[in-house]
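Reader: I would like to learn how to read the features of a structure, one at a time. Please show me the general idea first and then the case at hand.

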Amino acid sequence: MFSGWNWVAHCLYLLLNICSLEVSGGLVQSCGHIIPESPVLALGSNFTALCILNESCLDFGNIYANQIIWKIKNKVVPKEQYREINRTVSSVTFNDTSSLATPLTCNILADGQIEQNIYGITVTIGLPPEKPKNLSCIVHQKSKLRYPMTCTWNPGRHTFLDTHFRLKYRWPQENFPDCIPKDVNNSCTIDDVQFFVNLEVWVEAANALGKAESDPLVIDPIEIVKPLSPRNLSVNSGILPTVLKLSWENQISIAVMKLKFNIRYRIIGDTNWMQVPPEDTASPRTSFSVQGLRPYTEYVFSIRCMKEDGVGYWSDWSEEKTGVTTEDKPSKGPAIWRIIDASSSPASWTVHLMWKALEPSEASGVILQYEVTVRAKSSLSSPPEKYNVSTTNLTLKLPNGTYEVTVIARNRVGASPPSVLLIPASNTKAQTAL
């Protein structure tokens with residue numbers, strides 16, 4: 001190297017070396033630097049950097065600007081992009097920073113054609129923030145006294161830079177502290193808001209390359225409330241077997257907001273919900289009688305609410321509750337048929353009567369017994385024979401003849417309409433009447 005001087009490699013952060021001179025006393029003096037120092041550049045823009053040599057190093061090291069070599073990482077930048085401004089300054093220009101990477105270094109060929117690093121910089125490339133879009137807010141009721149407001153927005157394209165968002169809001173005559181997102185860049189929650197006054201809300205995005213603001217949103221927070229769902233829902237039997245009465249507690253004061261409701265219900269085991277016509281529940285209330293239900297049937301109910309005028313959001317559905325309608329008389333008689341065994345004697349029969357148990361929707365309750373009446377058509381003056389059974393079949397010994405059989409199903413409330421079966425004599429064509 002040069003007489004009286006030694007080149008030393010001085011390692012900087014990010015593995016960047018500085019060409020320097022060792023002087024008496026152990027001090028190290030850099031022989032140059034680059035400006036700008038740590039630029040943040042817009043992707044696709046043009047950029048010029050300057051490598052400036054220290055005058056104190058020129059005479060001792062025979063270092064001049066025309067000897068400077070620019071590199072991106074370890075790749076040499078084409079010399080067409082260099083410009084020697086004077087004997088101590090060399091520039092390099094990039095017409096499109098898309099091709100620029102980090103580190104960008106300024107190097108020189110010293111004596112013996114040994115390449116030494118003078119200086120290096122970290123280059124950060126990104127984009128300015130876009131205007132945030134689709135700003136919307138919702139007030140989630142948390143209690144009767146707490147109404148935090150959460151706003152969300154589309155933050156726009158990825159900037160490749162540390163971009164900060166702030167939710168700003170104010171009344172006409174008062175500004176409030178900014179809301180700063182905690183975990184994500186497209187949502188922020190204001191702890192509490194006041195109703196019945198217009199609030200102006202907007203989002204500011206900022207990074208090293210600039211700022212952008214969303215369009216402002218002007219709202220009265222009472223118009224964007226999602227209330228808590230009604231609680232303590234209960235289901236009780238009504239006066240009629242087709243009615244169940246619901247009652248519940250609303251969690252928002254009527255002084256703050258009047259509510260309307262949706263009531264949905266389904267039969268246990270069924271996945272399809274039915275709904276009370278909305279016009280029937282479009283007014284403030286804490287109870288409702290659901291009509292037109294099946295007797296002795298278990299139903300599941302759930303309810304939700306929102307602002308009476310339909311402005312805002314529906315609450316979540318409430319906890320589901322079940323209820324059972326009371327019993328009613330069976331709606332129809334059982335289907336019956338018979339098998340006649342006349343092999344033992346032409347003068348008498350063994351008659352096997354059978355009937356089908358009613359479906360739950362037809363039984364309307366618990367069938368306690370079946371009443372079977374057998375009347376001989378050939379002897380209308382004879383009293384009919386009556387049988388009470390709990391099974392769905394009955395075997396009788398009857399003389400050959402024509403008979404009318406009726407079967408009635410009975411529950412706790414009453415009897416079904418009768419089902420009728422005609423048993424013809426053996427010399428006539430068999431007929432069955434249900």
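Author: Let us begin with exposure: a residue is buried under 20% relative accessible area, exposed over 50%, and partly exposed in between (1.4 Å probe, protein chains only). Glu249, at 27%, is therefore partly exposed. Before we go on, please note that this is a predicted model, in which local features need pLDDT of at least 70 and side-chain atom pairs count only at pLDDT 80 or more, while totals for chains, interfaces and linings use all residues. Residues are numbered from 1 along each chain as its sequence is written, and side-chain values use heavy atoms, with hydrogens and water left out.

Reader: Glu249 has a charged side chain, so let us stay there. With which residue does Glu249 form a salt bridge?

Author: The term stands for a side-chain nitrogen of Lys or Arg within 4 Å of a carboxyl oxygen of Asp or Glu. The partner of Glu249 is Arg231, and their closest N and O atoms are 2.8 Å apart. Because Arg231 belongs to strand β23 (residues 231-237) and Glu249 to strand β24 (residues 244-249), the pair ties together parts 18 residues apart in sequence. Strands (E, at least two residues) and helices (H or I, at least four) are DSSP runs, numbered from the N terminus. Arg231 is partly exposed too, at 38%.

Reader: How many salt bridges does the structure hold?

Author: There are 14. Another one joins Asp178 and Lys168, with 2.9 Å from N to O. Here the link is between distant parts of the chain, ten residues apart: Asp178 is in the loop between β17 (174-175) and β18, and Lys168 is in strand β16 (residues 164-171). The exposure of the two partners is worth a look: Asp178 is partly exposed at 29%, whereas Lys168 is buried at 17%.

Reader: Now the rings. How many aromatic pairs are there?

Author: Rings of Phe, Tyr and Trp (its six-membered ring) pair with centres within 6.5 Å; planes under 30 degrees apart are stacked, over 60 edge-to-face, and the rest tilted. This structure has ten such pairs. In one of them, Tyr169 and Phe176 have ring centres 5.1 Å apart and planes at 10°, so they are stacked. Phe176 also pairs with Trp171: the centres are again 5.1 Å apart, but the planes stand at 85°, so this pair is edge-to-face. Elsewhere, ring pairs link Tyr147, Phe195 and Phe196 into a cluster.

Reader: Rings can also meet charges. Over which ring does the charged end of Arg264 sit, 4.1 Å from its centre?

Author: The test is that NZ of Lys or CZ of Arg is within 6 Å of the ring centre and within 35 degrees of the ring normal. That ring belongs to Trp273. Arg264 also lies over the face of Trp317, at 4.2 Å from the ring centre.

Reader: Next, a sheet, please. In what order do its four strands run?

Author: Strands pair if DSSP finds at least two bridges between them. The open sheet has the order β18-β15-β14-β22, with mixed pairing. β18 (187-190) and β22 (225-226) are its edge strands, each pairing on one side only. β18 and β15 (residues 149-154) are antiparallel over four bridges. Opposite Ile190 in β18 stands Met149, and opposite Cys188 stands Cys151. Cys188 and Ile190 make up the covered face of β18, whereas Ser187 and Thr189 are on the uncovered one.
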